[in-house]
Amino acid sequence: MILQISIYGIILGIISMIFLLNGILKFIRKEKNQSLFKLLATTIIWGGVFTLSFFPDIAHIISINLGLGENLNTLIFLGFVINFLIIFKLLNKIEKMESNISEIVRNETLYKLNNIKK
Amino acid sequence: MITNSEEQIFVIIPAFNEATVIQDVTKEVQSAGYKNIIIVDDGSTDNTQSIAQQIPGIISLKLSINRGKGAAVKTGIEAAKILDADIVVTIDGDGQHNPKDIKKMLELIKKGNDVVLGSRLLNPNPKGMPIWKIVANHFGNFCTWAIYGLWVTDSQSGFRAYSKKAINLINTKTDRYEYDSEVIREIAQNKLHYIEIPIEVRYTEYSKGKKNKMNLLNGAKTLIKMIISV
């Protein structure tokens, strides 16, 4: 593992450190919806980003140990595609829920008018 | 409250935080000769609703929470359908449209058109329309054409008239600014006869300065929602 310092690495390191510290502080303050699981997830994700931003070679070592060799970029690309699809699906669901909320609010608004008409 | 004439014409005014102007806008519509007015307060946080309720001879509806311009217009149209409307006109609540243009729209509906679209960009002299708005409008038209397949010169105009056939066939799902474009899709899908006419647009300091109007972020959101709604 070789320490590599670049501008991108420093920026990424600072961002991940902010999120990491924020997560730890929220857990210490016992803020609402904080749990040990959430703290662990925050530590693994942002700690991983922090480590990779200064030791990018780790990604290469993991890739070789997983048997992916030089295909790590393809895996990352696939990850992006899957993420995009999940976001799209979620947006679709949210849109449907929004539409249902509007329908409920509309029916509530028109209820009186319907009764007057009857 | 509702006048009995040969044809029931309803004017829908969606309003969100328009307490400053809603009374003047409504009076202007009434002065132009239209008595069946439905104001739909889109969950305003100011006193739009209480002012609207004090205006004599109109129907005032309120959505309990803010659902967007599209949802408010659709609520108004549904209310007009309940009240047996023959023709429905939608006009913005900020006073940017001139109710005198309604007459031309009604004439065209009576001539057999299903939808009359008021277009700000067909007006040879769109006084006060900011350049960025003209550019954004052209972009909106392009997106509407690319996504929904029908070219119109002002896909974001809220000043429109619909025949009974049109209000019964048009079935929209979106709630916010994408609603105006979705109507264009419905016109294409239902093969409705439509015509565009130039309308007067009055950009005042009030209408230009209002919050929650279409901006770059809202534009991007609208585009995403339009893509999802296909």
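Modeller: B:S119 stands opposite B:P198 in β7(B). This is a predicted model, so read every position that way. B:S119 belongs to β5(B), and five bridges join β5(B) to β7(B). These two strands run parallel. β6(B) is also joined to β5(B), by three bridges, and here the strands run antiparallel. In that pairing, B:L117 stands opposite B:R160 of β6(B).

Now look at the two faces of β5(B). B:V115, B:L117 and B:S119 are on one side, and they are buried. B:V116 and B:G118 are on the other, and they are buried too. Both faces are therefore covered, with five of the five residues buried, so β5(B) is largely enclosed by the rest of the structure.

Just after α4(B) comes B:G112, with a positive phi of about 115°.

Next, strand β3(B), residues 59-62. Both of its faces are covered as well. B:I59 and B:L61 are buried on one side, B:S60 and B:K62 on the other. β3(B) pairs with β2(B), residues 37-41, in the parallel sense over four bridges. One pair to find on screen is B:I38 and its bridge partner in β3(B), B:I59. From β2(B) the chain crosses through helix α2(B), residues 48-54, to β3(B). This β-α-β crossover is right-handed.

B:I58 lies in the loop between α2 and β3 of chain B. B:I58 and B:I37 are 21 residues apart in sequence, yet their C-alpha atoms are 5.2 Å apart in space. Leaving aside neighbours within four places in sequence, B:I58 is in contact with B:T26, B:I37 and B:I39.

Two other loop residues of chain B deserve a look. B:N17 lies in the loop between β1 (9-15) and α1 (22-31) of chain B. Its phi is near 50°, a positive value in a residue other than glycine. B:N17 counts as buried because it has 20 C-beta neighbours inside 10 Å. B:D84 is in the loop between α3 and β4 of chain B. Its phi is also positive, about 60°, although B:D84 is not a glycine. B:D84 has 11 C-beta neighbours inside 10 Å, so it counts as exposed.

Now to the contact between the chains. 17 residues of chain B are in contact with 14 residues of chain A. On the chain B side, the elements that give two or more residues are β3, α3 (69-82) and α9 of chain B. The largest share, six residues, comes from α3(B). By class, the side of chain B that touches chain A has eight nonpolar, two polar and seven charged residues.

Of these elements, take α9(B), residues 216-228. This helix has 13 residues and reaches 19 Å from its first C-alpha to its last, close to the 18 Å expected. Its buried residues are B:T222, B:K225 and B:M226. They cover an arc of only 100° around the axis, which puts them on the same side of α9(B). On the other side, B:L216, B:L217 and B:A220 are exposed. What covers the buried residues of α9(B) comes from both chains, and includes α4 (72-117) of chain A. From chain B, α5 (131-148) and α7 (178-189) are among the covering elements.

Last, a helix in chain A. α1(A), residues 7-28, has 22 residues. The helix reaches 31 Å from its first C-alpha to its last, close to the 32 Å expected. Just after α1(A), A:K30 takes a positive phi of about 55°.

Terms used
Residues are numbered from 1 along each chain as its sequence is written. Chains are lettered from A and ligands numbered from 1 in the order in which they are written. This is a predicted model: local features need pLDDT of at least 70, side-chain atom pairs count only at pLDDT 80 or more; totals for chains, interfaces and linings use all residues. The expected span of a helix is 1.5 Å times one less than its number of residues. A residue is buried if 20 or more other C-beta atoms lie within 10 Å of its own, exposed if 12 or fewer, and partly exposed in between; C-beta atoms are placed from the backbone. The arc is that of the directions from the helix axis to the C-beta atoms. Two residues are in contact if their C-beta atoms, placed from the backbone, lie within 7 Å. Two strands pair if DSSP finds at least two bridges between them. A crossover is right-handed if, with the strands pointing away from the viewer, the path from the first strand over the helix to the second runs clockwise. Ala, Val, Leu, Ile, Met, Phe, Trp, Tyr, Cys and Pro count as nonpolar, Asp, Glu, Lys and Arg as charged, and the others, Gly among them, as polar.
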